[in-house]
Amino acid sequence: MSEARINQQMIDAAQKIIVLTDSSKFGRRGFCKICDIGRIHHIITDRNAPPHMIDAIRDKGIEVTLV
């Protein structure tokens, strides 16, 4: 929980929020919520991310880079 609070503080201070995550994190719930998806500007993930989730994220205006 303390890591989540630190992440929230960094997000509050940031001008742009970029999330780097691997595809195994999509569709899973974590212990703590860090921020709403609407605050994220860009997500970088691997090509195994579920295409329907990537499309939904892009539909929200969030840039997605698949590597």
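Which residues lie nearest the centre of the largest pocket? The structure examined here is a predicted model, in which local features need pLDDT of at least 70 and side-chain atom pairs count only at pLDDT 80 or more, while totals for chains, interfaces and linings use all residues. Residues are numbered from 1 along each chain as its sequence is written, and side-chain values use heavy atoms, with hydrogens and water left out.

The protein has two helices and three strands, arranged along the sequence in the pattern α-β-β-α-β. Helices (H or I, at least four residues) and strands (E, at least two) are DSSP runs numbered from the N terminus. For 67 residues, a compact globule would have a radius of gyration near 11 Å, and the value of 12 Å for the protein agrees with this; the radius is taken over C-alpha atoms, and the globule rule is 2.2 Å times the number of residues to the power 0.38. Along the principal axes, the C-alpha atoms fill a box of roughly 30 × 25 × 20 Å.

The largest pocket holds about 1,200 Å³ of space. A pocket is an open set of points on a 1 Å grid over the protein atoms alone, where a 1.4 Å probe fits, with protein on both sides within 12 Å along at least five of seven lines; lining residues have an atom within 4 Å of a point. The volume is the space filled by probe spheres set on the points, which are joined across faces, edges and corners. Of the 25 lining residues, Val 19, Thr 21, Lys 25, Ile 34 and Ile 40 lie nearest the centre. Helix 1 (2–13), strand 1 (18–20) and helix 2 (51–59) each supply at least two residues of the lining, and the largest share, four residues, comes from helix 1.

Of the residues in the protein, 22% count as buried, that is, under 20% relative accessible area with a 1.4 Å probe and protein chains only. The largest nonpolar core has ten residues, including Ile 17, Phe 26 and Ile 40; such a core is a set of buried Ala, Val, Leu, Ile, Met, Phe, Trp, Tyr and Cys residues joined through side-chain atoms within 4.5 Å. Not counting residues up to four places away in sequence, Ile 17 touches Ile 11, Arg 39, Ile 40, His 41 and His 42, where contact means heavy atoms within 4.5 Å.

Ser 23 lies in the loop between strand 1 and strand 2 (42–45). Ser 23 is buried, with a relative accessible area of 17%. Beyond residues up to four places away in sequence, Ser 23 touches Thr 45, Asp 46, Asn 48 and Ala 49.

How values were computed: Buried means under 20% relative accessible area, exposed over 50%, partly exposed in between (1.4 Å probe, protein chains only).
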